[in-house]
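Hello,

Here is the structure we spoke of. Please look through it first; my notes follow below.

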Amino acid sequence: MSHNKILEIQNLSMEFGGLQALDSINITFYEKEVVAIIGPNGAGKTTLFNCITGVYVPTRGNIFIQNPYTQMKEKINGLKPNIITRKGMARTFQNIRLFKNMTVLENVMIGRHCHAKAGIISAMVRSKKTRDEEARIIHDSRELLKKVNLVDEQYEYAKNLSYGYQKRLEIARALATKPFLLLLDEPAAGMNSKETAELMDLLKEIKKDLHIALLLIDHDMHFIMNLSEKIFVMDYGKKIAEGTPEEIQKNPLVIKAYLGENI
Amino acid sequence: MEYFLELLLSGLIRGSIYALIALGYTMVYGIIELINFAHGEIYMISAFIALIFASVLNAYGLNSLATFAIASSLAIVYAAAYGFTLEKLAYKPLRNAPRLSPLISAIGLSIVLQNYVMLAQTSSFVPFPNLIPDFAFLNSISHILFPSEFLILVITTIVMIILTIVIKYTKIGKAMRAVAQDRMMAMLLGININYIISVTFIIGSCLAAIGGVLIASHIGQINFFIGFIAGIKAFTAAVLGGIGNIPGAVLGSIILGCTESFATGYVSSDYEDVFAFAILVLLLIFRPEGILGKKRDQKV
């Protein structure tokens, strides 16, 4: 199986005033990989996510994505988040950001809408094209809900779901945008061990069935070591190590970053 | 009893017009948290546009109902263009500015538009032609319900139903609700925020234009200042119902309209505003988030 590059980060730096949140980061991601980024709090992990998804415009450096289907390579820094999403990148946040006053199904449908073609005029007159498209969107959204096991809750309001269900719904909504790279910011945070195990199975299944790459941030080492094929370690805005889970566990720099100097 | 029903009916009619304008305030507030003070001027301008087109079409000898339909359609198109342009000119450049800046911009815009119409048209009242024919089926109740009032109730109801369907079931409506709840997340799901904001302004302006044309043909005269008064009343109604909440705006408008109507009927027409704003003050004391508004969580 050939492994194509899908995301290339070159010399990426991000400064907030005098604070160097990211310092010349170079990272390359390949198709269908599960990669984790770990590091102490404040290391710049979420900032990196924000730069990749267009929430922040990086101070220096470049981010390229290469669509695995068309092999088209393009620079994405400076583009708006909605454009980047349409190019095949989706993310979830540390805290849950569902549309709480909408139903579960509507939440997923919104993710799918960015690929819908029908414009406002045909939507208002409800042409056949619009109705067909709408039916397809509902069908696709239900399929995604089946995948995350939420199909029975599809007409519930998102705010009425339990925490673990809300996390799963966020993943389904992100998948609805048809990404080839899914960024998950602390998906296991606040979950008990049973929920974490279920999430791990779900992510493995998503990777297997949908052939997408996953990029995770998390502090749960058991979760990370079990799931990821490659790990990047960040500290103070710099990438300090990369490698397989086994290599990372033995890396003295990583141990120092996590446990401090004098151990 | 008949007097009471008459007042209730007139309250509903007032309320319908307020609702058409209040929806624009509340939708824009829901999406970008801005009180669009220039919204009332859109309503006023559309009445003038309808008047201009109606005069031209009248001169060509078109029958009055066709004139009314064409003139109001054109007024709606014009209002939509105004709403779209105003947002791009006055609010979009200030999207990331402190919240006070777009508010000042809105007030400035309102003054500019009023004075522009005053200079371009006239400062005195101009008569608006009576274009609505006497519907034959209304003859038996014509002493309590004028044809124009009948039209206001019917058109408002239809517009509300269409709006509900658009917001609830269409792609654009879902996107609007999503943007109102979490703008950044909506963007990260591929929604084009600028497009949604423009559509919101366009829909709001169309509704205001419908209100403007209807009230102008009901009252029979317009001037450059009607937008200010109607705007303030509709804004009050939107706050009454809970600003940002669409059914709330309609409910608030009906309550405000009926209050004014009963105050006029049972007390004196001099007191209609006193009662309207007394209700607002009481509500703001006891339920600051409005009738249907949600309590805001304090952000930590």
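**Notes on the two chains**

Asn82(A) is buried, at 4% relative accessibility. The model is a predicted one. Asn82(A) sits in helix 2 of chain A, residues 81–86. Apart from neighbours within four places in sequence, Asn82(A) contacts Met187(B), Gly190(B), Ile191(B), Asn192(B) and Ile193(B).

**The contact between the chains**

Chain A brings 29 residues to the contact and chain B brings 26 residues. About 2,400 Å² is buried between chain B and chain A, with 63% of it on carbon and sulfur atoms. On the chain B side, Lys171(B), Leu188(B) and Leu189(B) lose the most area to chain A. Together they make up 29% of what that side buries.

Three salt bridges run between chain B and chain A. One salt bridge pairs Arg97(A) with Asp182(B), and their closest N and O atoms are 2.8 Å apart.

Which helices of chain B each supply at least two residues of the side that touches chain A? They are helix 5 (147–169), helix 6 (171–181), helix 7 (183–188) and helix 8 (193–219). Helix 6 of chain B gives the most, with seven residues.

Asn194(B) belongs to helix 8 of chain B. Is Asn194(B) buried or exposed? Asn194(B) counts as buried, because its relative accessibility is 15% and the cut-off for buried is under 20%. Residues up to four places away in sequence aside, Asn194(B) touches Lys80(A), Lys88(B), Lys92(B) and Arg95(B).

**Inside chain A**

Helix 1 of chain A (residues 45–52) has seven of its eight residues buried, so it is largely enclosed by the rest of the structure. Among the buried residues are Leu48(A), Phe49(A) and Ile52(A). Lys45(A) and Asn50(A) are also buried. Gly54(A) follows helix 1 of chain A and has a positive phi, near 90°.

**Salt bridges**

Over all chains, the whole structure holds 29 salt bridges. Glu15(A) and Arg60(A) form one, at 2.9 Å from N to O. This pair links distant parts of the chain, 45 residues apart. Glu15(A) is in strand 1 of chain A (residues 5–16), and Arg60(A) is in strand 4 of chain A (residues 60–66). Glu15(A) is partly exposed, with a relative accessible area of 28%. Arg60(A) is partly exposed too, at 43%.

Glu229(A) and Lys207(A) form a salt bridge at 3.3 Å, N to O. Glu229(A) is in the loop between helix 8 (221–227) and strand 9 (230–235) of chain A, while Lys207(A) is in helix 7 (residues 193–210), so the pair ties together parts 22 residues apart in sequence.

In chain B, Lys233(B) meets Glu272(B) in a salt bridge at 3.9 Å, N to O. Lys233(B) lies in helix 9 (residues 226–241) and Glu272(B) in helix 11 of chain B, so the pair ties together parts 39 residues apart in sequence. Both Lys233(B) and Glu272(B) are buried. Salt bridges with shared partners join Arg14(B), Lys233(B), Glu260(B), Glu272(B) and Asp273(B) into one network.

**A nonpolar patch on chain B**

Chain B carries a nonpolar surface patch of about 930 Å², with Met1(B), Phe4(B), Tyr266(B) and Phe275(B) among its residues. Helix 1 (2–32), helix 10 (246–267) and helix 11 (272–286) of chain B each supply at least two residues of the patch. Helix 1 of chain B gives the most, with three residues. Met1(B) is in the segment before helix 1 of chain B. Met1(B) is exposed, with a relative accessible area of 72%.

Best wishes

Conventions: Residues numbered from 1 in each chain as written. Chains lettered and ligands numbered in written order. Predicted model: local features only at pLDDT ≥ 70, side-chain atom pairs only at ≥ 80, totals over all residues. Heavy atoms only, no water. Patch = residues over 30% accessible without salt bridge, like charges linked within 9 Å, V, L, I, M, F, W, Y side chains within 5 Å. Areas by Shrake-Rupley, 256 points an atom, 1.4 Å probe, with all protein chains shown as cover. Salt bridge = Lys/Arg side-chain N within 4 Å of Asp/Glu carboxyl O. Helix = DSSP H or I, 4+ residues; strand = E, 2+ residues; numbered from the N terminus. Buried < 20%, exposed > 50% of the residue type's maximum accessible area, 1.4 Å probe, protein only. Contact = heavy atoms within 4.5 Å. Buried area = accessible area lost by both parts, 1.4 Å probe.
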